[in-house]
Amino acid sequence: MNPYIPKLARLVKVKKEAPDVKTFRFKFVEKSKFNFVPGQILMVTVFGIGEATFGIVPTEKRDEYEFTVKKIGTVTSALFKLKKGDVIGIRGPFGNGYPVKELNGRNILLVAGGVGFPPIKSLLLYLLKNRKAYGRIELYYGAKTPEDLVYKKELKEWNKRKDLKVRVTVDRATEGWKGHVGVVTTILEDVEVDENTLAFMCGPSIMMKFVTLKLKERGLSEDRIYASMERLMECGVGACAHCNIGNVYVCKDGPVFRVDKLFKLVEKPW
Amino acid sequence: MPYILPKTEVPKLLDFLLSKKFDVIAPVETEDGIDFESIRDGNKVTLNYVNTLFPPKRFFLPNGEVLFEVRKRKGRFEIIETVEKTKRVIFGIRPCDVNALLVLDKLFIDEVKDPYYIARRKNTLILAVQCERAGENCFCYAFGTDKLNDDYDLLFVPNGEKYFVKVSSKAGEDIVKKSGLFELTNENPPKIKLKFKKKFNLKIVETNLARIFNDTKWEKVAKRCLSCAGCSIVCPTCYCFEIEDIPEFDWGSKRHRYWSSCLLQSFTRVAGDFVFREKRSDRIKQFVYHKLLYYKEKFGVQLCVGCGRCIEVCPTDIDFFKEVERMVGVKK
């Protein structure tokens, strides 16, 4: 098995989420095994352009998967030109994913920032599949403006559920926004934690830094906070050495790390 | 029992290998100095060198190698793997550089199972030549990489006008037998004791590295560094790479693998222009800690063999090893 060679996949749906954000749904051209854990990542190729890393999100169909992209670089710009029926390359899944087996009976806080939402969505969908197995589930999501919010339709549905608390905030309101305004830590002000709570966050470094501080302030220790880390990745298999933090590779040992373990590394995570 | 080969017979040996359809890589004189090249005439070889300008890394991890081709025909994509399987022999490789390959084997063979590297390693015979003298900046002894166990096909130990040749593989044995140039001997190869000018106390450095991560002296080193990445380029173990797709005019594209360096700012740049190691001192630390700490924690060996090329090549005369010793307080 050559770890560098992608499998061909076909886009079955492209959905606009926000001005510069789209969700791509794909299916492998040849039927292939693709078992993943929420929080794992994949490498997406636009042939002739290059490869980029995204979080994997499951769909209601077993052989179709999604990833959400913000148009911000070369590969993502090329992806934005693709439409239903176009062929891409997929490598992965890579990395560890969330410790889903250790979540039974836990109260779970999910914190997402901007387009750091996909891994958190992946985990939330996993938890909702077997909702009874867990305690309280709370989702906190922040974006720059109301326009920038992704998964709007899903958020509306989750909001209706009685067994899920959803709080959304934007850094800057625009006309018509009736929700909360402020960075994501401002909706965590009164978050309740107990000895049974675990938190999972994904977003920009600066957000995760302040969310960690806020959660600690609320009484949650670093060994119960998990971060999905972002770094440049070229290979996804622990070879190219671009994504290390100290002696761990984000692509292989991560991307999910317990925050206390991150701070034991020689190099600081943020 | 070892064999004997007069030094003057080396060109004939290389010609023999050429006649057996091997791609022969050997040290030759170039415009810039002694370096490995793929040769077509055994007489081009030179035996008069301490070590080559560049390590033989590029024969195992060539800069820009093609990983695969993507051909587009009638709207269908086809991916063609391009693993190179040329039969090769490298003559004149020094023990430090052979050890560098053993260090890389741990990652590329054991861990990643990189098919490109594996094919090149498997298809390349190692004809190592022991050093007669140490260079200005050599400090292989500090890593124990001046010695080889049996990680070669043939090992040439110099003794005056001849080599004592030790055989360590069936392929090596075949060369000895079939070339008809070697003579069996019951003498023992000489023990060469090299004199090293450069000192390096790995033990003290290793035990104190974590402690000095936030030392302000790193900033001083950074002020002298130009981030030219020369040290990475000449390093026999610097393997970090980037992957690039290059479109081909009318039929598809190729995916290439290029050398990279943690000393470059772009090394950790993600989309949106965020750079994780923006400060030069952070990048220097990445270089030093990857070499002396992180790799060892993962694979049990340092990512350095003490060849000294990085010291030799640095345009501003930075010796990372000397700087680190200074920071941990090694007394000279």
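I count two residues as in contact if their C-beta atoms, placed from the backbone, lie within 7 Å. The model is predicted: local features need pLDDT of at least 70, side-chain atom pairs count only at pLDDT 80 or more, and totals for chains, interfaces and linings use all residues. Residues are numbered from 1 along each chain as its sequence is written, and chains are lettered from A and ligands numbered from 1 in the order in which they are written.

**Entry 1**

Residues up to four places away in sequence aside, L110(A) touches I120(A), L123(A), L124(A), E138(A), L139(A), Y140(A) and F200(A).

**Entry 2: the contact between chains**

I found that chain A gives 29 residues to the contact and chain B gives 34 residues.

**Entry 3: the domains of chain B**

An automatic or database domain assignment supplies the bounds: domain 1 of chain B covers 3-60 + 71-184, and domain 2 covers 202-328. Their centres, taken over C-alpha atoms, are separated by 26 Å. I found 22 residues of domain 1 of chain B in contact with 20 residues of domain 2 of chain B. On the domain 1 side, α2(B) gives the most, with 8 residues. By class, that side has 12 nonpolar, 5 polar and 5 charged residues. Helices (H or I, at least four residues) and strands (E, at least two) are DSSP runs, numbered from the N terminus.

**Entry 4: G308(B)**

I located G308(B) in the loop between α8 (280-299) and α9 (309-313) of chain B. Is G308(B) buried or exposed? G308(B) is buried because 25 other C-beta atoms lie within 10 Å; the cut-offs are 20 or more for buried, 12 or fewer for exposed, and partly exposed in between, with C-beta atoms placed from the backbone. Apart from neighbours within four places in sequence, G308(B) is in contact with G135(B), N137(B), C138(B), F139(B) and K198(B).

Notes. Nonpolar A, V, L, I, M, F, W, Y, C, P; charged D, E, K, R; others polar.
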